[in-house]
Amino acid sequence: MTLLGILIPALLVALALRRWFVPLPWTVVGLALALTLGFLHGAIFTRALPVPVDEVMRSYPYRGVFGDVTSRNALTNDTVKQILPWMQVVREELLHGRLPLWNRHQFAGYPLLANGQSAPFAPLFLATLFVPLPDQLIAMAGLKLFLAIVFAWMFLRDEGVSPIAAFFASALFAFSVFQTVYLYYPLGTVSAMLPAAAFATIGCARSRDRRWFVLLAIVTATVLASGHPETAVHIGIACALLLVLEGKSPLRPLLAALAGAALAAPAWFPVLEQVLISARAAALAATPHPSLHPYVAYLFLNPDAFGNPARGTWSWISNYSVVAPTYLGLIPLALLPGARGRREITLVAMSALLFIIAMNWTPLGHALNAIPPLSLIAPDRLRVVVLFFIAIVAARVLDRTRKVEVIVAGVAILAAAIWLLHAKWNVTLDWRSTAGAIALGAFLIAYAFKRAQLVATIAIVAELFVFNAHFNALAPRAYYKPKLPILATLQQLSKGEPSRIVGHDWTFLPNAAAQYGLEDIRGTDPMALATYERFLGKLAVQDPSTDVKRIQDVEQPALERLNVRFLISDPQLTPSSNWLLRYEGPDGKLFERAHWQRRFFSSDANVGAITQLSATKLRVEIDSPRDGAVVHSSQIAAPGWRVRGATMFVEEPFIAFRAPAGRSVVTLTYAPVSFYAGCAVAMLALVALLLPDRVRVK
């Protein structure tokens, strides 16, 4: 199913491109698929998973069953702590015919669609929906690589680059460190679309054919719906700079991009609304962008200059995913001195400027990063644009007659790379640590005697495979969402009226609740509501080294206020008599609160049955002795919640309402205006795109 999840959408895209745009050779399609499958071979052709499910097994309740598990690469743990749980919630909602708007499983409930990275309307997610989890994540990764290769190849062919040189640059982009470290993230989904955006933008600027307008609208919609608005801004910057370089009027591409943005409005309107009230917005406002350490420049010569987390050798102060994407490959660096003409020199200059901004170096970088929207987004990811521009220049230089300056630069870079590894960092010189140097050496030998496009392509693929193919280390599939007795007991006891759970300290990491149909008061997501984050922050351990909200004091009265009924812990915890033991085993202890506060409660009225009709709808039966009796709740207030049958108000961060006299049924429904307004905008855009040319404004 994973293989089909890659092949079927990939071949459909190839057929569409061949039918309506360019005569894309099947040899290129075949090579792109072959390299994609080769890069992901362990994930596709074995039962192992390329995401760190082993990292989750290090804490209870899993630790009591699987023992002391060593994580092979914990760096990408967000894929299992956030991405996979969100995907499961989205899939369950969509496959049951419901809109994926609210996540009731984390943070006592918060917006699902509006958190951005859940990306339920991302075309790559929808195209692979027939693949079950967790394999869908792998299928999406394969599609990202394929699309990056194919669209980069077509863009470079339009640049006048030869087929082999175009494939060299396509492989350089698709299998780069940047794409690898974010391969299983929404960020990687968006960044993989950069070549497609560039191809469609320039095509739309050069041609008045309606097909190019529609293609750019579709690509823009894909970028904006795929879950990472920050990288969408970076793609917009790249396309704007390419338009400037092209010297064409930007009006037509701008209109097409606006049409695409309108198509994706249901996905990004709610995100924009959520950003303004999220914990992330508060954090960004309080923290300026940091400048990356100057030592990051060493990673121009080797991405593993400070080790590699996948091999357990990372030994530096900063995050590998943040600093290692500085590596662009040694062969492209050697080719840069051969840049000629206005187009290539301008691309190199643009790359240098963008790199300064990305690193937040120099007063110029600080000044530019203070300008919105750059002031609101992480600048280091702008290096994906640098990578793409350098790939363009390298491919163009590779196509020309050999230049002495390329050989001189290559020898100097080769010497510097060897010096860095051996003399400076005392790294053992083996085939893995010297992959870049070996590739550059092979290229220089070929380049000195004849045109070396084929050697360069083979060398860059080999180099990047060695450095990157094993970064997303494989872990046993048995670690994904295992069935444990303690969790089965918890699921059985929690049936019926809605209630919540809490894990003690590191027990049962919070987002896992979504994978077992449970509701947790904790969570980990910067897009959580700031109001609830402030409330939860008073209960959780203040640990700046982690974004996991850990609860160590399980006797806090506020836990009862949050509708917490169950406590899951390691085998050593013995809480007060407020907690009744319901299960004990090697996987931990499960407690039920002797007297737990219901989701809705009142001292003025009798609260009857509380029914969770869906994630976005609850029904509460009320018997009130008088009009205006106040009913409190631990249902989290967010823009979009409506109360029918009573008068709603907010007791931050919770919903409350005043019930009418007598018996009544109050219904709470989550229907954010931002989403439905986005749907209306998308429908108008779709109608406009489908209008015949004769009624279209030229």
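Start your tour at the second largest pocket, which holds about 700 Å³ of space. A pocket here is an open set of points on a 1 Å grid over the protein atoms alone, with protein on both sides within 12 Å along at least five of seven lines; lining residues have an atom within 4 Å of a point. Grid points are joined across faces, edges and corners, and a volume is the space filled by probe spheres set on the points.

Before you select anything, note that this is a predicted model: local features need pLDDT of at least 70, side-chain atom pairs count only at pLDDT 80 or more, and totals for chains, interfaces and linings use all residues. Residues are numbered from 1 along each chain as its sequence is written, and side-chain values use heavy atoms, with hydrogens and water left out.

**Stop 1**

Helices (H or I, at least four residues) and strands (E, at least two) are DSSP runs, numbered from the N terminus. Which helix gives the most to the lining of the second largest pocket? That is H13, with 8 residues.

**Stop 2: the nonpolar core**

Next, show Leu 24, Phe 175, Phe 389, Phe 443, Phe 508 and Tyr 532, which touch the most other members of the largest nonpolar core, a set of 235 residues. Helix H8 (residues 135–158) gives the most to this core, with 17 residues. A nonpolar core is a set of buried Ala, Val, Leu, Ile, Met, Phe, Trp, Tyr and Cys residues joined through side-chain atoms within 4.5 Å. Buried means under 20% relative accessible area, exposed over 50%, and partly exposed in between (1.4 Å probe, protein chains only).

Zoom in on Tyr 532. Setting aside neighbours within four places in sequence, Tyr 532 is in contact (heavy atoms within 4.5 Å) with Phe 107, Ala 108, Ile 521, Leu 562, Ile 636 and Pro 653.

**Stop 3**

Strands of a sheet pair through backbone hydrogen bonds, either parallel or antiparallel. Look for an open sheet of 4 strands in the order S3-S4-S6-S5, with mixed pairing. At its edges are strand S3 (500–503) and strand S5 (579–585), each pairing on one side only. From one strand to the next, the twist averages 20°. Two strands pair if DSSP finds at least two bridges between them; S3 and strand S4 (residues 564–569) do so in the parallel sense over 4 bridges. Select Val 502 and you will find Leu 567 in S4 standing opposite.

Axes are lines fitted to C-alpha atoms, for helices over the stretch in contact, and angles run from 0 to 180 degrees between N-to-C directions.

**Stop 4: an antiparallel sheet**

Another open sheet of 4 strands has the order S8-S9-S14-S11, with antiparallel pairing. Its edge strands are S8 (606–614) and S11 (641–644). S8 and strand S9 (residues 617–624) pair over 6 bridges, and Ser 614 has Lys 617 in S9 as its bridge partner.

**Stop 5: strand S13**

Is strand S13 (residues 654–659) largely enclosed or open? 5 of its 6 residues are buried, so S13 is largely enclosed by the rest of the structure. Strand S12 (residues 647–651) runs antiparallel to S13, joined by 5 bridges, and the two form a hairpin with 2 residues between them. Here Phe 649 has Ala 656 as its bridge partner. Strand S10 (residues 629–633) is also antiparallel to S13, with 3 bridges; its Val 630 is the bridge partner of Arg 658.

**Stop 6: an exposed loop**

Jump to Gly 247, in the loop between helix H14 (229–246) and helix H15 (251–263). Gly 247 is exposed, with a relative accessible area of 63%.

**Last stop: a cavity**

A cavity is a set of grid points where a 1.4 Å probe fits but cannot get out. The largest cavity has a volume of about 160 Å³. Among its 19 lining residues, Val 56, Tyr 62, Val 80, Ala 512 and Gln 515 are the closest to its centre. Finish by selecting helix H6 (78–95), which gives the most to this lining, with 3 residues.
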